[in-house]
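Dear colleague,

Please find below the structure that I am handing over to you, together with its sequence. My findings follow directly after it.

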Amino acid sequence: MHMAMMKAAQIAKPGGQFEIVERPIPEPGRGQVQIKVQACGVCHSDEMVKEGLFPGMEYPRIPGHEIAGVIEKVGEGVTSWHKGQRVGVGWHGGHCFTCDACREGDFANCVHRLTCGVSYDGGYAEYMVAPQEALARIPDELSDAELRRYSVLASQHTTRLEIVEQGAEILLQSKVWAGWDI
């Protein structure tokens, strides 16, 4: 049986460089969805992932938390999302629903909160998997060009010049990252 593969831009170790690799397309687990990534913005925190500045982070890691894409598969227990829906995933990458903060509706302060591109692989890939609670609906009326523009605008501090200066030219030259039409 042949395993389906995808391209991704990963960082193999803290302080390492971005590298384009082939990996198996991740399958969604319970409460997760598989997303075909259409665009992913670049943020300064991705540099922090690259440099290993988040305690306890596991490598190799695929950064990226300003994602726009389409749901390809839904995992067991997912009832509010379906294949073909356009979704976004941001910094808030999930929460537990059971800690004191979550029971008070304060999901951003969940003691078990997840961060997309830090706690699990992010959007610098052709596909990714995310918890269903991390998703935001993107209207179908948005064109693909607008979708890419909005994923980039999610980080108001990112410019093409900053990306090049930070050594991420490989992302701009690859087919993995679709933030700009260049």
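A residue is called buried here if its relative accessible area is under 20%, exposed if that area is over 50%, and partly exposed in between. With a relative accessibility of 18%, Cys-43 therefore counts as buried. Please bear in mind throughout that this is a predicted model.

Overall composition

The protein contains five helices and nine strands. Along the sequence, these elements follow one another in the pattern β-β-β-α-β-β-β-α-β-β-β-α-α-α. The protein has 182 residues, of which 47% count as buried. Its accessible surface amounts to about 9,700 Å², and carbon and sulfur atoms account for 52% of this. Of the contacts between residues at least 6 apart in sequence, 68% join residues that are at least 24 apart.

The sheet

Strands of a sheet pair through backbone hydrogen bonds, in either a parallel or an antiparallel manner. In this model, five strands make up an open sheet in the order S8-S3-S4-S5-S9, and their pairing is antiparallel. Strands S8 and S9 (135-137) form the edges, each pairing on one side only. From one strand to the next, the twist averages 45 degrees.

Two of the pairings can be described further. Strand S3 (residues 32-40) is joined to S4 by seven bridges, and the two run antiparallel. Within this pairing, Val-33 stands opposite Val-74 in S4. S4 and S5 also run antiparallel and are joined by four bridges. Here Ile-67 faces Val-89 of S5, while Ala-68 stands opposite Gly-88 of S5.

Aromatic pairs

How many aromatic pairs does a search of the whole structure find? The search finds three, and two of them are described here.

Phe-18 and Tyr-124 form a tilted pair, with 5.9 Å from centre to centre and 40 degrees between the planes. Phe-18 belongs to strand S2 (residues 18-24), whereas Tyr-124 is in the loop between strand S7 (114-115) and strand S8 (127-131), so the pair ties together parts that lie 106 residues apart in sequence. Phe-18 and Tyr-124 are both buried.

Phe-54 and Trp-91 also form a tilted pair, at 6.1 Å centre to centre and with 50 degrees between the planes. Phe-54 is located in the loop between helix H1 (44-51) and strand S4 (67-74), and Trp-91 in the loop between strand S5 (86-89) and strand S6 (92-94), so this pair ties together parts 37 residues apart in sequence. The relative accessibility of Phe-54 is 18%, so Phe-54 counts as buried. Trp-91, at 40% relative accessibility, counts as partly exposed.

Cysteines

For the cysteines, one cut-off is needed: a disulfide requires two cysteine sulfur atoms within 2.5 Å of each other. By this rule, the count of disulfides is zero. Cys-43 takes part in no disulfide, and the nearest cysteine sulfur, which belongs to Cys-40, is 9.8 Å away.

Cys-96 is partly exposed, since its relative accessible area is 21%.

Phe-97 and the backbone

Phe-97 is situated in the loop between S6 and helix H2 (100-103). Its phi angle is near 70 degrees, a positive value in a residue other than glycine. Because its relative accessibility is 45%, Phe-97 counts as partly exposed. Leaving aside residues up to four places away in sequence, Phe-97 touches Cys-102, Arg-103, Phe-107 and Glu-133. The C-alpha atoms of Phe-97 and Arg-113 are 9.5 Å apart in space, and the two residues are 16 apart in sequence.

With kind regards

How values were computed:
Residues numbered from 1 in each chain as written. Predicted model: local features only at pLDDT ≥ 70, side-chain atom pairs only at ≥ 80, totals over all residues. Heavy atoms only, no water. Phe/Tyr/Trp six-rings, centres within 6.5 Å; stacked < 30°, edge-to-face > 60°. Buried < 20%, exposed > 50% of the residue type's maximum accessible area, 1.4 Å probe, protein only. Pairing = 2+ DSSP bridges. Axes fitted to C-alpha atoms, helices over the stretch in contact; angles between N-to-C directions. Contact = heavy atoms within 4.5 Å. Areas by Shrake-Rupley, 256 points an atom, 1.4 Å probe, with all protein chains shown as cover.
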